[in-house]
Each structure stands twice: as C-alpha cells, then as structure tokens.
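Visitor: Could you take me through this model, beginning with the fold and ending with the aromatic residues?

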Amino acid sequence: MRVTVNPEAQASGDFGYAAPGEYTLRIKNVESRQKVGSAFAYLHWEYEFADPNVQAVETGKKVGSVFDNTSLKPDAQFSLRNLCEALGLTWGDFDTDKIVGKEFRAKIGLREYDGVISNEVKKYTKA
C-alpha cells in the first residue's frame, strides 16, 4: 500500500488539553489489549468531551481525546467498576460494543509525558 503524506504535518501529537475540572465525557472507542509477557488483558478507552465547546488551554481550539486503561485482572478491576458505576451500569458482565456513545462524569486532571501535557481521568463520578 502506498501512503501519501502531508509534508507540512507536524511531528507533535499535542492536540491541547482542557483545564482540570469535572466534565461529561463520552465513550468514543474501547478495545481489549494485552502487554507482551503479561497474563492479563486490559481495556484501552478513548473518551471525548461531550460538550463540543470545551476548548484547549492556551490554543482555544477543540480539545483532543482522553485516553485511559482499566485492568481486567480479577483482583484489580476497581477502576473498571468505578467507570461502570459512573455509566449507571450494574456491576457484572457487559458488552463493550453496547457502551460506545454512553456518557459519564469524571474529574479530569493533567499529566505530562515526554514534554506533552494531556488530560487524564482522576476520578469517575456519578451523574
């Protein structure tokens, strides 16, 4: 497959970040992943801000996605349970395909990795 690139594209993956606070997020995507050598899988989540008017600090542009991981290890599912409860789900088995598009409230903070600041979920809250 031949790939055509934009010669003007920047190398930075910095799409801006929202100010810390409590927001409504929407599940955009979720997939199961497993680290090499690990016995347990985890869920990798991509959320978007439900309010399209949330603007990035400094740039004033639309904020990028918020990414999160929740463990599927039986004795380490506390974050997954907190997310499910914030979604209003009864704790138990569920189908990830059926929750894409659902919204929940979360306290959002900041993290820095490799010089890029992004948002992270600090706490899931019930609506």
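Guide: The conversation below covers the fold, the sheet, the helix and the aromatic residues.
Guide: This is a predicted model, in which local features need pLDDT of at least 70 and side-chain atom pairs count only at pLDDT 80 or more, while totals for chains, interfaces and linings use all residues. Residues are numbered from 1 along each chain as its sequence is written, and side-chain values use heavy atoms, with hydrogens and water left out.

Visitor: Which pattern does the protein follow along the sequence?
Guide: The pattern is β-β-β-α-β-β, from one helix and five strands. Helices (H or I, at least four residues) and strands (E, at least two) are DSSP runs, numbered from the N terminus.

Visitor: What is the order of the strands in the sheet?
Guide: The five strands form an open sheet in the order β3-β2-β1-β4-β5, with antiparallel pairing. The edge strands, each pairing on one side only, are β3 (66–71) and β5 (116–125). From one strand to the next, the twist averages 45°. Two strands count as paired if DSSP finds at least two bridges between them. Axes are lines fitted to C-alpha atoms, for helices over the stretch in contact, and angles run from 0 to 180 degrees between N-to-C directions.

Visitor: And where does the helix pack?
Guide: Helix α1 (residues 78–86) packs on the sheet and touches β2, β3, β4 and β5. The direction of α1 makes about 70° with that of β5. Contact here means heavy atoms within 4.5 Å.

Visitor: Over how many bridges do β1 and β2 pair?
Guide: Strand β1 (residues 21–34) pairs with β2 in the antiparallel sense over nine bridges. Within that pairing, Glu31 stands opposite His44 in β2. The hairpin of β1 and β2 has six residues between the strands, and Gly37 takes a positive phi near 85° there.

Visitor: How many bridges join β2 and β3?
Guide: β2 and β3 pair over six bridges, again in the antiparallel sense. Tyr47 stands opposite Val66 in β3.

Visitor: How many residues of β2 are buried?
Guide: Eight of the nine residues of β2 are buried, so the strand is mostly covered. Buried means under 20% relative accessible area, exposed over 50%, and partly exposed in between (1.4 Å probe, protein chains only). Of the 127 residues of the protein, 30% count as buried.

Visitor: Turning to the rings, how many aromatic pairs are there?
Guide: The structure holds four aromatic pairs. One of them, Trp45 with Tyr47, is stacked, at 6.2 Å centre to centre and 25° between the planes. Rings of Phe, Tyr and Trp (its six-membered ring) pair if their centres lie within 6.5 Å; planes under 30 degrees apart count as stacked, over 60 as edge-to-face and the rest as tilted.

Visitor: Are Trp45 and Tyr47 buried or exposed?
Guide: Trp45 is buried, with a relative accessible area of 0%. Tyr47 also counts as buried, at 0% relative accessibility. Tyr47 forms an edge-to-face pair with Phe104 as well, at 5.0 Å centre to centre and 75° between the planes. This pair links distant parts of the chain, with Tyr47 in β2 (residues 41–49) and Phe104 in β4 (residues 103–113), 57 residues apart.

Visitor: Which residues form the aromatic cluster?
Guide: Trp45, Tyr47, Phe104 and Tyr124 form one aromatic cluster.

Visitor: And what sits over the ring of Tyr42?
Guide: The charged end of Lys35 does, 5.9 Å from the ring centre. A charge sits over a ring if NZ of Lys or CZ of Arg is within 6 Å of the ring centre and within 35 degrees of the ring normal.
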